[in-house]
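Here is a friendly walk through a structure, written for someone who likes to check things at the level of atoms. Have the viewer open as you read.

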Amino acid sequence: MTEAPAIHCEGLTKSYGRVRALDGVDLTMPAGSIFGFLGPNGAGKTTTIKVLLGLSLASSGRCSIYDTPVEQFSAESRREVGYLAQDPSYPKWMTGREVLEFVGRLYPLATRPVAERAREALKLVDLEGAADRACGGYSGGMRQRLGIAQSLMGDPRLVILDEPSSSLDPIGRRDVLDILRTLRDRGIAVFYSTHILDDVERVADHIAIMKDGRVVRQGVMRDLMSASLGRFRLTVEAPSATLADHLRSMPWVTAVEPAEATDGRVTFMVDVRDDDHAKRALPRTVVDADEVLIACEPLRFRLEEIFMESVGDAAT
Amino acid sequence: MPQPNGKQTALLPGFGVLFQKEFLEARRSKRIIIFLVIMTGALLLVPVIAYFQVENFGDGARHEIDIDGMQGIVGSWSALVGYLGSLMVIASTVDAMTRERAVGISAWILTKPVSRPSYVLAKASAHTAINIITLVLIPTVIWFVITFVLFADLPAARILLACVILSVEVAFLSFLTIALGVPFRSVTPVSLITLAVWFLPNFVPAVASLEWTYRVLPSYLPLAAVAAAADTELTSPLLTIPIASVVAVVVLTTLALLQFERQEL
C-alpha cells in the first residue's frame with residue numbers, strides 16, 4: 001500500500017475581505033520528499049503554510065496532512081509536524097538548550113527523554129557550542145539553525161520550513177541544505193518554502209510554483225528539468241561561412257544564431273522542431289559538411305527558467 | 001474539535017509547561033523587580049513615618065496607638081497596594097500578549113501540541129501569580145513584620161481579608177489585560193481600555209441612579225480592601241464586589257478564548 005501524501009490540498013481558498021489570498025490551491029506533497037515551494041512575494045506561500053499549520057482557517061477547500069484533515073488536527077496530532085517560521089523569534093532570556101527543552105516538554109508522549117532529544121537536535125544543526133548561551137545574542141544564522149532544531153523536537157514526520165535560508169550566508173545556506181538532506185535520509189518529509197531557486201534545485205525532489213494564490217506548476221523536479229527547450233548548443237572549430245545557412249536549410253531546423261566565438265571556435269544556438277530527431281541529425285549534418293564538431297548538447301530547463309515561465313511578470 | 005486519533009485527553013494540553021515558561025519569564029522581568037522595590041519602599045514609609053509622629057510615642061519601643069491611628073496605618077497600606085499596585089499590574093502585563101504576537105512567538109508555540117486556551121490561560125495565570133507574589137504578598141509581609149515590630153495591636157485577621165481582596169483585584173486586572181490582548185494587537189488600546197475600566201467608574205457615584213454599581217464594579221476592589229482593613233464595620237460590598245469581579249473576569253476571559261480560538265495568527 002502506498003504511503004499517504006505528507007500534504008494534500010484540494011481547491012483551497014482563503015479570502016481576507018475582498019482580497020483572495022488563495023484561489024483554489026491544489027497541492028500534493030509525497031511522503032519522505034523534499035518539496036520546494038516557490039513563488040514571488042504575495043503569491044500565497046505563507047498563507048498556505050498558515051492554513052496547513054492551523055494558524056489560519058481556510059475559506060473553503062480541503063487540506064490534509066498524512067490523511068488527517070487540518071481542521072481536525074488536535075494538539076496531539078501536531079506532533080506529526082515541525083515548523084520553522086520565516087523570521088524565528090524565541091524568548092531572548094532562554095538559552096538555545098532551554099528553548100529546545102521547553103519545546104520538548106510540550107510533547108509529553110515522546111518516547112525519548114527531552115534532554116536526549118535536545119542534545120541530538122543541537123548536534124544535528126551544529127549548535128552545541130552555543131547551546132548554553134542566551135539566544136537573544138544569536139546571529140540570524142544561529143537562530144535559523146535553532147529553529148530547525150526546535151522543529152525536530154517532537155520527532156515529526158513532516159517539517160515545514162518557511163524561508164529557512166533567506167538570511168544566511170553561503171556557508172550557512174550550504175549547512176541548511178545538508179541538514180535538509182539528512183532529514184530526508186531519516187524519512188522526514190521537508191516542505192521548503194523559499195525564494196532561492198538555486199537551493200531548491202540542489203535539494204528538492206518535488207516542486208510547486210505559486211502565482212496569485214494558485215499553484216501554476218508542480219511535479220517531480222527531475223521530470224520538469226528534463227523537459228526539452230527545443231534548442232541545442234553547437235560548437236564548431238573554425239566553421240565555414242556557409243554553415244549557418246546550411247543548417248537553416250534543414251527542414252527540422254527553425255533558427256540558427258551564432259552565440260559566441262572564442263579561439264577560433266564558434267558556438268551556435270540551433271532551434272529545432274523535433275528534439276529527438278535533432279539529437280542524431282544535427283551532429284551528422286555538421287560532420288557531413290566537413291566541419292570540425294567540438295560539442296553538441298541539447299539545452300535543458302533550469303529551475304529559474306521554469307520559474308520565470310510559470311510566474312511571468314509577477315516575478316519581477 | 002474532533003480528535004482524530006483519540007489520544008488527546010488533557011483538558012488544557014501544554015498548560016503546565018506554558019505556565020512554567022510564563023512564570024519564569026515574568027519573574028525575570030526587570031519591571032516587576034523595580035515595582036517590587038517601589039511598592040515595598042512605599043509601604044515601609046507608612047509605619048516608619050507613623051512611628052516618629054509625636055502623638056504615637058508610647059512608653060516602650062513598641063508603640064501602642066489608638067484605633068484611628070491604626071486604621072490610618074492599615075488603610076494606607078491597603079490603599080497603596082490597591083491603587084499603586086493596580087497601575088503596576090497593568091504596566092507589567094500590558095504587553096504580555098501583544099509582544100509575543102508581534103514577533104511571532106505565539107504562532108510558533110501554537111504549532112506545538114498545545115491548545116489556544118492553554119496558551120492564554122497559562123499566560124494570565126502566571127502573570128496573576130507573579131503579580132500577587134511581588135505586588136501584594138512580599139511587600140505586605142515585609143510591611144507587616146516592620147509594623148508588627150513598631151506597633152502593638154495589629155489587626156492581622158482584617159489584613160488577611162484585605163489581602164484576599166487585593167489578590168482578587170490583581171487577578172482581575174491581570175486576566176483583563178491579557179484578555180484584551182486577544183482583540184487588540186498593540187499596547188496602546190490595551191492600556192487605555194484597562195485604565196478606563198479601572199479608573200472611570202470612580203466618577204459613577206456622582207450619578208445618583210448608578211450608585212448601586214459601587215457594590216459590584218471591580219473598580220471598587222481597592223476601596224473594598226481599604227474597608228476590609230480599616231473600616232469599623234464590615235459591609236456587604238466586601239463580598240459582592242469580589243464575587244462580581246470573579247464573575248466578570250470569567251465572562252471576559254471566556255469571550256477572549258472564544259475569539260482567540262478562531263483568530264488568525
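Predicted model: local features only at pLDDT ≥ 70, side-chain atom pairs only at ≥ 80, totals over all residues.

## Where the two chains meet

Let's start with the contact between the chains. Chain B brings 32 residues to it and chain A brings 34 residues. Together they bury about 2,800 Å², with carbon and sulfur atoms giving 63% of that area.

The polar side of the story is worth a look too. There are 10 residue pairs in polar contact between chain B and chain A. On the side of chain B that touches chain A, the elements giving two or more residues are helix 1 (15-28) and helix 5 (105-109) of chain B. Helix 1 of chain B gives the most, with seven residues. Sorted by class, this side of chain B has 16 nonpolar, eight polar and eight charged residues. One salt bridge crosses the interface of chain B and chain A: it joins A:Lys14 to B:Glu264, with 2.6 Å between the closest N and O atoms.

## An enclosed strand in chain A

Next, please turn to strand 9 (residues 206-211) of chain A. Five of its six residues are buried, so this strand is largely enclosed by the rest of the structure.

Strand 9 of chain A pairs with strand 3 (residues 34-38) of chain A in the parallel sense, over four bridges. Here A:Ile209 stands opposite A:Leu38. Strand 9 of chain A also runs antiparallel to strand 10 (residues 214-220) of chain A, and six bridges join these two. A:Met210 has A:Val215 in strand 10 of chain A as its bridge partner. Strands 9 and 10 of chain A form a hairpin with two residues between them, and A:Asp212 in the turn has a positive phi of about 50 degrees.

What does B:Glu25 contact, once neighbours within four places in sequence are left aside? The answer spans both chains: A:Pro91, A:Trp93, B:Arg99 and B:Glu100. B:Glu25 belongs to helix 1 of chain B, and it counts as buried because its relative accessibility is 13%, under the 20% limit.

The side chains of B:Glu25 and B:Arg99 make a polar contact of 3.5 Å. B:Glu25 also forms a salt bridge with B:Lys21, at 3.8 Å from N to O. Both of these residues lie in helix 1 of chain B, four residues apart, or about one turn of the helix, and B:Lys21 is buried as well as B:Glu25. A network of salt bridges links B:Lys21, B:Glu22, B:Glu25, B:Arg31, B:Asp95, B:Arg99, B:Glu100 and B:Lys123.

## A buried glycine in chain B

B:Gly82 sits in helix 3 (residues 67-93) of chain B. Its relative accessibility is 0%, so it counts as buried. Beyond neighbours within four places in sequence, B:Gly82 is in contact with B:Leu166, B:Glu169 and B:Pro222. Its C-alpha atom is 35 Å from that of B:Val114, which is 32 residues away along the chain.

## Salt bridges elsewhere

Over all chains, the count is 31 salt bridges. One of them pairs A:Glu297 with A:Arg233, whose closest N and O atoms are 3.2 Å apart. A:Glu297 lies in strand 14 (residues 292-300) of chain A and A:Arg233 in strand 11 (residues 228-237) of chain A, so the pair ties together parts that are 64 residues apart in sequence. A:Glu297 is partly exposed at 40% relative accessible area, and A:Arg233 is partly exposed at 29%.

Technical notes
Residues numbered from 1 in each chain as written. Chains lettered and ligands numbered in written order. Heavy atoms only, no water. Contact = heavy atoms within 4.5 Å. Buried area = accessible area lost by both parts, 1.4 Å probe. Salt bridge = Lys/Arg side-chain N within 4 Å of Asp/Glu carboxyl O. Polar contact = N/O pair within 3.5 Å; in protein donor to acceptor, adjacent residues only side chain to side chain. Nonpolar A, V, L, I, M, F, W, Y, C, P; charged D, E, K, R; others polar. Buried < 20%, exposed > 50% of the residue type's maximum accessible area, 1.4 Å probe, protein only. Pairing = 2+ DSSP bridges.
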